[in-house]
Amino acid sequence: MSTQTEQEKVRGWLTGRLPGDWFEGELELSIDRDEILIVGRIPAPEQDKDVSTAERSAAESGRIKQFREDTRDRRIEIARELEHAARRKVAWGVWCGETRTVFTSLSAPVMTRLRQPERQVLDTLVDAGVARSRSDALAWCVKLVSQHSETWLADLRAAMTKVEDVRRAGPDKN
């Protein structure tokens, strides 16, 4: 989990470093122990209001592909600088209209110990074809829990931010 100060530093660095014509509005920034994910909004292609959903989606996907190819070298250069400064991998993504695409994101191994009942849950998901492996099944479970407990997780993150604020204002602060 990153602190608010880390978020602010990375956001500030990116504000100064990114070309001004790449993104519209504020960046979506996610930071954990392993990775910084930067997602910006790019302009959607101009289309008539009466185009089909499929046509609109295809146009947005095309615009995303164009952005990805046109900015690849600069994104790699900026990511390397930020990776060196933040000691984390950097991943990129974009919003275009209603389409959100993350280009390449880190898949970090996570060591866990599970007892037999938990392993049986994962094995059931694999046996049923819901997941290809225990690893995929565990990722699926985490996504499901996240979807159904978003309010609780948001409250927990807010509390953690408050703890960080109290620490920063502590007696050792000069």
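The domain assignment divides the protein chain into domain 1, spanning 3–103, and domain 2, spanning 116–169. The model described here is predicted. Between the C-alpha centres of domain 1 and domain 2 there is a distance of 25 Å.

An open sheet of four strands was found, with the order 1-2-3-4 and mixed pairing. Its edges are formed by strand 1 (24–31) and strand 4 (99–102), each of which pairs on one side only. From one strand to the next, the twist averages 20°. Strand 1 and strand 2, the latter comprising residues 35–42, run antiparallel and are joined by five bridges. Within this pairing, E24 stands opposite R41 of strand 2.

Two helices pack on the sheet. Helix 1, made up of residues 4–17, touches strand 1 and strand 2, and its direction makes about 140° with that of strand 1. Helix 2, made up of residues 53–86, touches strand 2, strand 3 (89–96) and strand 4. The direction of helix 2 makes about 155° with that of strand 3.

The pairing of strand 2 with strand 3 is parallel and consists of eight bridges. Here I36 stands opposite V90 of strand 3. Strand 3 and strand 4, by contrast, run antiparallel and are joined by four bridges. In this pairing, C96 has T99 of strand 4 as its bridge partner. Strand 3 and strand 4 also form a hairpin, with two residues between them. In the turn of this hairpin, G97 has a positive phi of about 60°. Strand 3 is mostly covered, since six of its eight residues are buried.

E24 lies in strand 1 and counts as partly exposed, at 40% relative accessibility. Apart from residues up to four places away in sequence, E24 touches R41, I42 and P43; of these, R41 is also the residue that E24 stands opposite in strand 2. The C-alpha atoms of E24 and G62 are 18 Å apart in space, while the two residues are 38 residues apart in sequence.

With a relative accessible area of 29%, E28 is partly exposed. When residues up to four places away in sequence are not counted, E28 touches L37, I38, V39, W95 and R100. E28 and G40 are twelve residues apart in sequence, and the distance from C-alpha to C-alpha is 6.2 Å.

The structure holds four aromatic pairs. One of them is formed by W22 and F67 and is edge-to-face, with 5.9 Å from centre to centre and 80° between the planes. W22 lies in the loop between helix 1 and strand 1, whereas F67 lies in helix 2, so this pair ties together parts that are 45 residues apart in sequence. Both W22 and F67 are buried. A further pair, formed by F23 and F67, is tilted, with 5.5 Å from centre to centre and 50° between the planes. This pair also links distant parts of the chain, as F23 is in the loop between helix 1 and strand 1 and F67 is in helix 2, 44 residues apart. F23 counts as buried because its relative accessibility is 14%, under the limit of 20%. F67 is buried as well, with a relative accessible area of 11%. Together, W22, F23, F67 and W92 form one aromatic cluster.

The structure holds zero disulfides. C96, the bridge partner of T99, is buried, with a relative accessible area of 0%.

Technical notes:
Residues are numbered from 1 along each chain as its sequence is written. This is a predicted model: local features need pLDDT of at least 70, side-chain atom pairs count only at pLDDT 80 or more; totals for chains, interfaces and linings use all residues. Side-chain values use heavy atoms; hydrogens and water are left out. A disulfide is a pair of cysteine sulfur atoms within 2.5 Å. Buried means under 20% relative accessible area, exposed over 50%, partly exposed in between (1.4 Å probe, protein chains only). Domain bounds come from an automatic or database domain assignment. Two strands pair if DSSP finds at least two bridges between them. Axes are lines fitted to C-alpha atoms, for helices over the stretch in contact, and angles run from 0 to 180 degrees between N-to-C directions. Contact means heavy atoms within 4.5 Å. Rings of Phe, Tyr and Trp (its six-membered ring) pair if their centres lie within 6.5 Å; planes under 30 degrees apart count as stacked, over 60 as edge-to-face and the rest as tilted.
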